[in-house]
Amino acid sequence: MKRKCSKCGEKKELNEDNFPKKNTGKGGFDSRCKECKRCYDLERYSKKKGEILEQKKAYYQKRKLK
Ligand SMILES: [Zn+2]
C-alpha cells in the first residue's frame, strides 16, 4: 500500500521506514513522510531556539538598564 505524503506529494510505501508512526494519524502513520517530518521538526526547533535567544537578550537588556 502506498501513501502520498501531504507535504511533498511523493508516493511512498506505507511503512515505518517512510512514515513516522502516529497513533492519531490515518492507519497509525503520520500524513507526512519521514523526510518532511524531519524538516518540520528542525524548523520548529530552530524557531524555538531563536525565541529562547530573544528572551535571553531581553533579560540581559533589562538587567543592564537597572
Ligand atoms: Zn514528504
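**Figure 1. Overall fold of the predicted model.** The protein contains 1 helix and 2 strands, where helices (H or I, at least four residues) and strands (E, at least two) are DSSP runs numbered from the N terminus. Starting at the N terminus, the order of the elements is β-β-α. The radius of gyration is 19 Å, well over the 11 Å given by the globule rule for 66 residues, so the protein is more spread out than a compact globule. This radius is taken over C-alpha atoms, and the globule rule is 2.2 Å times the number of residues to the power 0.38. The C-alpha trace spans about 65 × 20 × 15 Å along its principal axes. Of the 66 residues, 18% are buried; buried means under 20% relative accessible area, exposed over 50%, and partly exposed in between (1.4 Å probe, protein chains only). Among contacts between residues at least 6 apart in sequence, 25% join residues at least 24 apart, a contact being heavy atoms within 4.5 Å.

The model is predicted, so local features need pLDDT of at least 70 and side-chain atom pairs count only at pLDDT 80 or more, while totals for chains, interfaces and linings use all residues. Residues are numbered from 1 along each chain as its sequence is written, and side-chain values use heavy atoms, with hydrogens and water left out.

**Figure 2. The zinc site.** The zinc ion is coordinated at 2.3 Å by the SG atoms of C5, C8, C33 and C36. Donors are N, O and S atoms within 2.8 Å of the metal (3.2 Å for Na, K and Ca); water is not among the atoms, so sites may look incomplete. The donor residues follow the spacing C-x2-C-x24-C-x2-C in sequence. Angles among the 4 donor atoms run from 102 to 121°, and the site is tetrahedral, a term that requires all angles of four donors to lie between 85 and 135 degrees. For four tetrahedral donors the ideal angle at a metal is 109.5 degrees. C5 is buried, at 3% relative accessible area, whereas C8 is partly exposed at 40%.

**Figure 3. R3 and its surroundings.** R3 belongs to strand β1 (residues 2-4) and is buried, with 12% relative accessibility. R3 lies over the face of F19, 5.9 Å from the ring centre; a charge sits over a ring if NZ of Lys or CZ of Arg is within 6 Å of the ring centre and within 35 degrees of the ring normal. Beyond its neighbours within four places in sequence, R3 has contacts that include E10, L14, F19, F29 and D30.

**Figure 4. R32 and Y40.** R32 lies over the face of Y40, at 4.6 Å from the ring centre.

Figure 5. C39 is partly exposed at 45% relative accessibility, and A58 is partly exposed at 41%. The C-alpha atoms of A58 and L14 are separated by 46 Å. A search of the whole structure finds 1 aromatic pair. Y59 and Y60 form this edge-to-face pair, with 5.6 Å centre to centre and 65° between the planes. Rings of Phe, Tyr and Trp (its six-membered ring) pair if their centres lie within 6.5 Å; planes under 30 degrees apart count as stacked, over 60 as edge-to-face and the rest as tilted. Y59 is partly exposed, at 47% relative accessibility.

Definitions and conventions:
Tetrahedral: all angles 85-135°; square planar, octahedral: opposite > 155°, others 65-115°.
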